[in-house]
Amino acid sequence: MVNPAAGKEWRADLDPKIQVVRELASTYGAHLLAADGMFAELAASTGPEYWAEDGVHPTPAGHAALAAAWLRLVA
């Protein structure tokens with residue numbers, strides 16, 4: 001389980017990077033799977049550990065959710 005204080009630190013680093021990726025996808029017309037938001041929504045109902053035990057790296061369930069979301073996006 002991730003420490004909430006540490007989570008705030010890595011969010012401060014991660015959020016600007018997410019914004020750049022969104023801008024690049026928009027500029028180049030690339031598919032974008034907004035996994036951060038997807039995992040936040042999933043975690044609201046089950047808790048984050050089910051999807052990414054350490055708060056970063058997906059569990060098998062997290063990988064399955066990513067794969068299903070990607071297939072919906074590109075199908």
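Among the contacts in the protein chain that link residues at least 6 apart in sequence, 47% join residues at least 24 apart, and this value, like those that follow, refers to a predicted model. The secondary structure of the protein chain consists of three helices and zero strands, which gives the pattern α-α-α when the chain is read along the sequence.

With regard to overall dimensions, the C-alpha trace of the protein chain extends over about 35 × 25 × 15 Å along its principal axes. The accessible surface of the protein chain was computed as about 5,400 Å², with carbon and sulfur atoms contributing 64% of that area, while 20% of the 75 residues of the chain count as buried.

At the level of individual side chains, one aromatic pair was found in the structure. The pair is formed by Y50 and W51, whose ring centres are 4.6 Å apart, and because the ring planes stand at 90° to each other, the arrangement is classed as edge-to-face, the cut-off for this class being an angle over 60 degrees. W51, one of the two partners in this pair, has a relative accessibility of 12% and therefore counts as buried, given that the class comprises residues under 20% relative accessible area.

Key:
Residues are numbered from 1 along each chain as its sequence is written. This is a predicted model: local features need pLDDT of at least 70, side-chain atom pairs count only at pLDDT 80 or more; totals for chains, interfaces and linings use all residues. Side-chain values use heavy atoms; hydrogens and water are left out. Rings of Phe, Tyr and Trp (its six-membered ring) pair if their centres lie within 6.5 Å; planes under 30 degrees apart count as stacked, over 60 as edge-to-face and the rest as tilted. Buried means under 20% relative accessible area, exposed over 50%, partly exposed in between (1.4 Å probe, protein chains only). Helices (H or I, at least four residues) and strands (E, at least two) are DSSP runs, numbered from the N terminus. Contact means heavy atoms within 4.5 Å. Accessible areas come from the Shrake-Rupley method with a 1.4 Å probe; for residues, only the protein chains shown count as cover.
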